[in-house]
Amino acid sequence: MSGFADAEAAPAVQPLLRLKGVGKDYATFESRGGRLRLVYDLLRGRAAAHVFHALADVSFDLRRGESLGVIGENGAGKSTLLKTIAGVIKPTHGTVEVNGRVGALLELGSGFHPEYTGLANIDLAAALLGLEPDQVDEQRRAIIEFADLGEHIHDPIKTYSSGMVVRLGFAVATALRPDILITDEVLAVGDESFQKKCIAWMERYLDDGGTLLLCSHGMYHVQ
C-alpha cells in the first residue's frame with residue numbers, strides 16, 4: 001500500500017469536447033399577433049413568453065480516441081445538439097468547450113453553390129474548411145476518386161440527385177482529418193455501396209485514434 005500512497009497522481013487528460021448544462025430554447029407563437037409581441041419583447045430585452053425546449057441540461061465529456069453514439073427518435077434534438085457543438089447555433093443555456101478541430105458531416109452539400117460544377121465546389125468547400133490552395137491541389141484527386149461521380153463532376157450541382165450531393169459532401173469532408181468527427185445520419189441518403197465505403201473510412205479514422213460523435217434514430221449505423 002505504501003507504493004500506492006507514494007505514487008504521483010497522473011495528470012488529468014483534457015477532454016476534446018465538454019458540454020455543461022447545455023440547453024437550446026426556441027420561441028413559439030400561435031398567431032401573427034403573437035409574432036409581433038415576440039419581436040416587441042425581444043427588442044425590449046424580455047424573454048419570450050412561450051418557448052420550446054429543443055435541448056435541456058445536456059452534459060458530457062468526450063476524450064481523444066473515444067466514440068459516443070446518441071440515439072433518439074426524429075425530433076428528439078439530435079441535430080440541434082450537433083449543430084450546437086459545431087458552432088452553427090449558440091446554446092441558450094450552458095457552455096460548450098471544444099479543444100480541437102471539429103469535422104461536421106451535417107446536411108452534406110448544404111454549402112455548395114448550385115450553379116457551380118462539382119469540381120468548382122470542391123475548391124470552394126475545401127477553402128471553407130480551411131485548406132490552403134496547395135493542400136486543395138494535393139487533395140483534389142482523392143476527393144474526386146472518393147466521390148466517384150464520373151463525368152458528372154463537371155456538371156452543375158443543381159443537376160445532382162441528393163445521393164450525388166452526399167457523395168461529394170462526404171468526399172470533401174474526409175479530405176480534412178478532424179480531431180473530432182460528428183455526423184448526423186447523413187449516410188442514410190447514399191446508396192448501399194457508398195454507405196459501406198463511408199463506414200470503412202470511419203473505421204480507419206477510428207483505428208488511427210480519431211474521435212467520433214454519431215447521432216442516429218437507430219442502432220444499425222451506431223453498431
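**The open sheet and its surroundings**

Modeller: This is a predicted model. Start with the whole chain. The protein chain exposes about 13400 Å², and carbon and sulfur atoms supply 52% of that area. Of its 223 residues, 35% count as buried. The chain holds eight helices and seven strands.

Now the sheet. Four strands form an open sheet in the order β3-β7-β6-β5, and their pairing is parallel. At the edges stand β3 (67-71) and β5 (102-105). Each has a single partner strand, so one side of each is left without a neighbour in the sheet. From one strand to the next, the twist averages 10°.

Look next at one pair inside that order. Strand β6 covers residues 180-184, and strand β7 covers residues 211-216. The two run parallel and are joined by five bridges. Find Ile180 and you will see Thr211 of β7 standing opposite.

Helix α7, residues 192-207, lies across β3, β5, β6 and β7. Its direction makes an angle of about 150° with β6.

How does the chain's contact pattern look as a whole? Take contacts between residues at least 6 apart in sequence: 78% of them join residues at least 24 apart.

Tyr116, Leu124 and Leu128 make a nonpolar patch of about 300 Å². Leu124 belongs to helix α4, which spans residues 118-128. With a relative accessible area of 30%, Leu124 is partly exposed.

Methods: Residues numbered from 1 in each chain as written. Predicted model: local features only at pLDDT ≥ 70, side-chain atom pairs only at ≥ 80, totals over all residues. Heavy atoms only, no water. Buried < 20%, exposed > 50% of the residue type's maximum accessible area, 1.4 Å probe, protein only. Contact = heavy atoms within 4.5 Å. Areas by Shrake-Rupley, 256 points an atom, 1.4 Å probe, with all protein chains shown as cover. Patch = residues over 30% accessible without salt bridge, like charges linked within 9 Å, V, L, I, M, F, W, Y side chains within 5 Å. Salt bridge = Lys/Arg side-chain N within 4 Å of Asp/Glu carboxyl O. Pairing = 2+ DSSP bridges. Axes fitted to C-alpha atoms, helices over the stretch in contact; angles between N-to-C directions.
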